[in-house]
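Colleague: I would like to learn how to read a few local features in this model, one at a time. Could we go through them together, with the general idea before each case?

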Amino acid sequence: MKVAVAGCCHGALDKMYETLELLQRRHNVRPDLLLCCGDFQAVRNEADLRCMAVPAKYRHMQTFYRYYSGEKKAPVLTVFIGGNHEASNHLQELPYGGWVAPNIYYLGYAGVVRFRGVRIGGISGIFKSHDYRKGHFECPPYNQQTIRSAYHVRNIEVFKLKQLKRPMDIFMSHDWPRSIYHYGNKKQLLKMKSFFRQEVESNTLGNPAASELLQHLKPTYWFSAHLHVKFAAFMQHETSSKEELPKATKFLALDKCLPHRDFLQQIIEVEHDPNAGDSLEYDAEWIAVLKATNSLVNVTQSSWNMPEKNGLHAKWDYSATDEAIKEVLEELNHNLTIPCNFTLTAACYDPSKPQKNMQPVHTINPQTTEFCAQFGLTDINDRIQQAKEEGSGRGECEEEEEEEMDSTGSAEEPSEYNTDNSGLSSINPDEIMLDEEGGDEDLSTCSVDPSPDHPPEFSTSFSDIRIMPDSMAVSSDDAMDSNNEDLEKSGGSKQGEKSSTERPLKRIGGDENGNSGIKKIKRRNQAIYAAEEEDKTD
């Protein structure tokens with residue numbers, strides 16, 4: 001079957017689907033499935049725009065709301081993960097995944113599904129060390145910290161995915177797995193994006209948790225986005241025994257939504273089960289893992305490590321047994337079809353009646369309620385709501401919670417994974433502050449288009465086969481100065497902000513100490529992004 005893969009579409013669904021239809025007319029190519037690697041921006045209304053971590057001038061409604069309202073329907077089944085420019089309040093309603101609109105499916109914080117027998121997995125968000133070991137405690141209305149931490153990858157999602165044993169065909173992450181740049185045309189990458197050089201040479205560019213998943217899952221294909229540059233790599237994995245067959249992963253990083261001629265290069269032929277139906281299906285092993293790890297769900301911002309074989313935990317293996325998988329199949333009467341139970345949970349944007357003062361609210365989605373009831377899982381949002389009602393403060397965005405953020409997740413706390421040193425900066429260009437005019441527009445993230453300069457022709461052929469070196473694991477030398485963590489938390493907990501329910505959300509200002517390192521990073525970020533006026537199509 002034909003699978004189309006898109007990078008950051010930034011809410012421009014009309015343009016993306018029109019591109020696919022143009023492909024069919026001009027080249028007689030029609031994909032059976034569309035995958036999107038984050039920054040999807042499922043924005044339904046003005047309240048959702050307030051929950052996007054982008055400067056105010058880049059908060060555009062775009063066209064998703066037309067698919068949410070039913071005015072339009074996606075012409076091809078679309079499966080996506082979250083990035084760092086999302087309506088986090090909307091996606092948070094579906095922590096285990098679900099339909100955000102008819103024919104458009106979100107994989108959740110982490111998820112695995114099947115389509116025509118092809119196994120597709122993904123993990124949403126980007127890596128930030130200071131939030132990695134916390135629970136999913138955020139809820140709208142967000143404050144200056146939680147509007148960003150809401151999309152940061154958590155160790156529990158990585159832990160769940162590492163329990164999987166069966167082969168993975170396709171996997172998606174928003175930011176790149178750390179070290180993947182060593183397996184492609186690194187010289188050409190640095191020619192196009194010279195400001196990556198320092199992090200590439202120090203092996204700090206990308207997501208170390210994703211690198212672990214890449215080593216563990218060994219999928220046939222791995223797709224990423226985030227950095228707005230096209231890059232291909234081919235990784236030959238080491239075998240653990242002589243009996244194990246060699247495995248390799250074809251990696252492709254996507255640019256933002258591209259013209260049809262480039263989209264044509266991003267359609268792959270994937271072997272599928274000709275006897276399988278055309279419906280999206282649950283993955284039985286993944287459901288079994290969710291059931292096994294349900295007791296590990298954490299909705300506080302306390303940092304903690306996942307169980308491991310170190311003498312401190314009675315159980316550390318939560319992988320699914322054949323019997324557990326069989327039980328899941330029996331529960332579903334061997335019918336794994338995901339129900340088309342999309343439900344409107346928020347008012348849809350009406351261009352004729354704009355509501356600029358609409359505020360986000362914490363919503364429990366019926367899809368999640370049904371899913372959790374069916375499989376005996378914890379509804380994360382219901383648990384957060386309970387915590388708020390009990391006055392625990394853990395699920396609320398209060399001042400004392402902000403102050404606590406400085407004392408948790410520190411570089412000195414040990415991690416359960418040796419590739420997450422918890423002090424790594426893992427600086428993602430999309431999340432660095434920009435020099436903006438006006439105090440209301442310098443939130444630390446930005447979803448504008450990259451430079452309009454056309455990059456050199458870049459081949460997507462998978463070549464340069466290499467065996468994964470030990471350098472894939474990040475050493476302690478990669479731990480960065482604590483100033484990096486301060487930079488990541490700029491505009492942080494010492495501003496004495498009141499509860500977000502008492503005052504509107506504000507954008508984060510610059511570093512009050514005038515740290516020279518910030519200026520350097522700002523210049524680097526500006527090299528990635530151009531002004532909005534230079535590209536009216538976004």
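Colleague: Which residues does His136 touch, not counting residues up to four places away in sequence?

Modeller: A contact here means heavy atoms within 4.5 Å. On that basis His136 touches Tyr109, Arg154, Ile156, Glu157, Asn298, Val299, Ile380 and Ile384, with residues up to four places away in sequence left out. This is a predicted model, in which local features need pLDDT of at least 70 and side-chain atom pairs count only at pLDDT 80 or more, whereas totals for chains, interfaces and linings use all residues. Residues are numbered from 1 along each chain as its sequence is written, and side-chain values use heavy atoms, with hydrogens and water left out.

Colleague: Where is His136 found, and is His136 buried or exposed?

Modeller: Buried means under 20% relative accessible area, exposed means over 50%, and partly exposed is in between, with a 1.4 Å probe and protein chains only. His136 is found in the loop between β7 and α5 (146–149), where helices (H or I, at least four residues) and strands (E, at least two) are DSSP runs numbered from the N terminus. With a relative accessible area of 5%, His136 is buried. Its side chain also makes a polar contact of 2.7 Å with the side chain of Glu157; such a contact is a pair of N or O atoms within 3.5 Å, and within protein one must be able to donate a hydrogen and the other to accept it, while residues adjacent in sequence count only if both atoms are side-chain atoms.

Colleague: With which side chain does that of His182 make a polar contact?

Modeller: The side chain of His182 is joined to that of Lys186 by a polar contact of 3.1 Å. His182 is found in the loop between β8 (170–173) and α7 (186–192), and because its relative accessibility is 18%, His182 counts as buried.

Colleague: How should I read the two faces of a strand such as β8, and which residues lie on each side?

Modeller: In a regular strand the side chains alternate between the two faces of the sheet. In β8, Ile170 and Met172 lie on one side and Phe171 and Ser173 on the other, and all of these are buried, which leaves both faces covered. Two strands pair if DSSP finds at least two bridges between them. Strand β7 (residues 118–123) pairs with β8 in the parallel sense over four bridges, and β8 pairs with strand β9 (residues 221–224), also in the parallel sense, over three bridges. Phe171 stands opposite Gly121 and also opposite Trp222 in β9.

Colleague: Which residues of helix α11 are buried, and what do they pack against?

Modeller: The buried residues of α11 are Ala284, Glu285, Trp286, Ile287, Ala288, Val289 and Leu290. Because seven of the nine residues of helix α11 (residues 284–292) are buried, the helix is largely enclosed by the rest of the structure. These buried residues pack against β6 (110–115), β7, α6 (155–161), β13 (280–282), α12 (322–331) and α13 (366–375). At the N-terminal end, Asp283 caps α11, with a side-chain oxygen 3.3 Å from the backbone nitrogen of Glu285.

Colleague: How many aromatic pairs does a search of the whole structure find?

Modeller: A pair of aromatic rings is described by the distance of the centres and the angle of the planes. Rings of Phe, Tyr and Trp (its six-membered ring) pair if their centres lie within 6.5 Å, and planes under 30 degrees apart count as stacked, over 60 as edge-to-face and the rest as tilted. The search finds 20 aromatic pairs. In one of them, the rings of Tyr17 and Tyr67 have centres 5.5 Å apart and planes at 55°, so the pair is tilted. This pair links distant parts of the chain, with Tyr17 in helix α1 (residues 13–27) and Tyr67 in helix α3 (residues 64–69), 50 residues apart. Both Tyr17 and Tyr67 are buried. Phe40 and Phe64 form an edge-to-face pair, at 6.3 Å centre to centre and 75° between the planes. Phe40 lies in the loop between β2 (33–36) and α2 (46–50) and Phe64 in helix α3, so this pair ties together parts 24 residues apart in sequence. Ring pairs also link Phe40, Phe64, Tyr68, Phe80, Tyr106 and Phe342 into a cluster.
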